[in-house]
Amino acid sequence: MTYALINPPSAEPLTLAEVKAHLRLEEDAEDALLIGLVKVAREHLEHETGLSLMIQGWRLYRDDWPASGVIPIGRGPVQAVESVTVYDADGVPKTVSLADHLLDGVARPARLWLRDPLPPGRAINGIEIDFTAGFGEAATEVPDTLKRAMLLHVAHMFAFRGEVALDLQPAGVPPGYERLIAPFQRRGL
């Protein structure tokens with residue numbers, strides 16, 4: 001399984017005003033840096049938890065259908081499945097009907113069941129599932145605990161802005177960050 005971000009979020013879970021208030025900054029000289037640090041903090045948190053904070057479009061590539069018939073989707077929470085495409089041996093795409101499909105988008109991982117999946121003819125990435133994931137369009141829909149973790153992370157990166165360039169961030173996470181995100185992380189056995 002491979003995931004590709006198709007449509008990035010149109011907004012961040014934290015506003016510049018929220019970050020500046022947290023850092024007690026009034027001047028505008030560091031605004032561009034702060035906006036970049038918010039993006040880095042969100043991407044890091046999403047990577048660590050498997051969550052999509054704001055609504056974004058993803059594509060899941062699979063080689064075949066699982067034997068159980070239930071397809072796990074590791075990015076969540078899944079709001080909707082937009083399309084399912086299967087490629088035959090010649091690379092011709094065929095659309096799988098989403099009629100009567102079942103989606104448990106809140107589960108971790110989310111689960112999708114299709115009534116009549118077509119067998120893929122292409123051995124690698126013969127199945128593409130496009131879906132929308134995220135807590136919502138508005139930052140108010142993102143859990144406050146995750147936003148607090150992001151604020152701590154942004155403050156930590158901002159404090160070391162002269163030591164570590166933006167493109168090399170995150171260089172570290174602050175104390176307490178792991179405890180804040182722990183309830184949202186998936187643990188494997």
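Two strands are said to pair if DSSP finds at least two bridges between them. Strands (E, at least two residues) and helices (H or I, at least four residues) are DSSP runs, numbered from the N terminus. The model is predicted: local features need pLDDT of at least 70, side-chain atom pairs count only at pLDDT 80 or more, and totals for chains, interfaces and linings use all residues. Residues are numbered from 1 along each chain as its sequence is written, and side-chain values use heavy atoms, with hydrogens and water left out.

Figure 1. From the N terminus on, the elements run β-α-α-β-β-β-β-β-β-β-α-α. Taken along the principal axes, the C-alpha atoms fill a box of roughly 55 × 30 × 30 Å. Of the 189 residues, 41% are buried; buried means under 20% relative accessible area, exposed over 50%, and partly exposed in between, with a 1.4 Å probe and protein chains only. A contact means heavy atoms within 4.5 Å. Among contacts with a separation of 6 or more, 74% are between residues 24 or more positions apart.

**Figure 2. Leucine 103 and leucine 112 face each other in a three-stranded sheet.** Strands of a sheet pair through backbone hydrogen bonds, either parallel or antiparallel. This open sheet has the order β3-β7-β6, and its pairing is antiparallel. The edge strands, β3 (70-73) and β6 (102-104), each pair on one side only. From one strand to the next the twist averages 20°; axes are lines fitted to C-alpha atoms, for helices over the stretch in contact, and angles run from 0 to 180 degrees between N-to-C directions. β6 and β7 (residues 110-113) are joined by three bridges in the antiparallel sense, and leucine 103 stands opposite leucine 112 in β7.

**Figure 3. Arginine 111 is a residue of strand β7.** Its relative accessibility is 43%, so arginine 111 counts as partly exposed. Leaving out residues up to four places away in sequence, arginine 111 touches Val70, Ile71, Leu102, Leu103 and Asp104. Glycine 74 is 37 residues from arginine 111 in sequence, and the two C-alpha atoms are 8.8 Å apart in space.

**Figure 4. A second open sheet is built from five strands.** The strand order is β1-β2-β8-β4-β5, with antiparallel pairing. β1 and β5 are the edge strands, and each pairs on one side only. Neighbouring strands of this sheet are turned by 30° against each other on average, direction ignored. β1 and β2 (residues 56-62) pair over five bridges, and tyrosine 3 stands opposite leucine 60 in β2. Between β4 (residues 78-87) and β8 there are seven bridges in the antiparallel sense; in β8, isoleucine 127 is the bridge partner of valine 86.

**Figure 5. Tyrosine 3 and phenylalanine 131 form the one aromatic pair of the structure.** A pair of aromatic rings is described by the distance of the centres and the angle of the planes. Rings of Phe, Tyr and Trp (its six-membered ring) pair if their centres lie within 6.5 Å; planes under 30 degrees apart count as stacked, over 60 as edge-to-face and the rest as tilted. Here the centres are 6.4 Å apart and the planes stand at 85°, so the pair is edge-to-face. Tyrosine 3 lies in β1 (residues 2-7) and phenylalanine 131 in β8 (residues 127-133), so the pair ties together parts that are 128 residues apart in sequence. Tyrosine 3 is partly exposed, at a relative accessible area of 27%, whereas phenylalanine 131 is buried, at 1%.

**Figure 6. The charged end of arginine 122 sits over the ring of tyrosine 87.** A charge sits over a ring if NZ of Lys or CZ of Arg is within 6 Å of the ring centre and within 35 degrees of the ring normal. In this case the distance to the ring centre is 4.1 Å. Tyrosine 87 also has a bridge partner in β5, proline 93. β4 and β5 (residues 93-95) pair over three bridges in the antiparallel sense. Their hairpin has five residues between the strands, and glycine 91 takes a positive phi near 85° there.

**Figure 7. Helices α1 (residues 16-23) and α2 (residues 31-49) pack against each other.** Two packed helices are described by the angle between their axes and the distance between the axes. For α1 and α2 the angle is about 105° and the axes are 10 Å apart. That makes α1 roughly perpendicular to α2; angles under 35 degrees count as roughly parallel, over 145 as roughly antiparallel, 65 to 115 as roughly perpendicular and the rest as oblique. Leu16, Val19, Lys20 and Leu23 in α1 meet Asp31, Leu34, Ile35 and Val38 in α2.

**Figure 8. Arginine 42 is found in helix α2.** With 4% relative accessibility, arginine 42 counts as buried. Not counting residues up to four places away in sequence, arginine 42 touches Pro9, Glu12, Pro13, Leu53, Gln56 and Met150.
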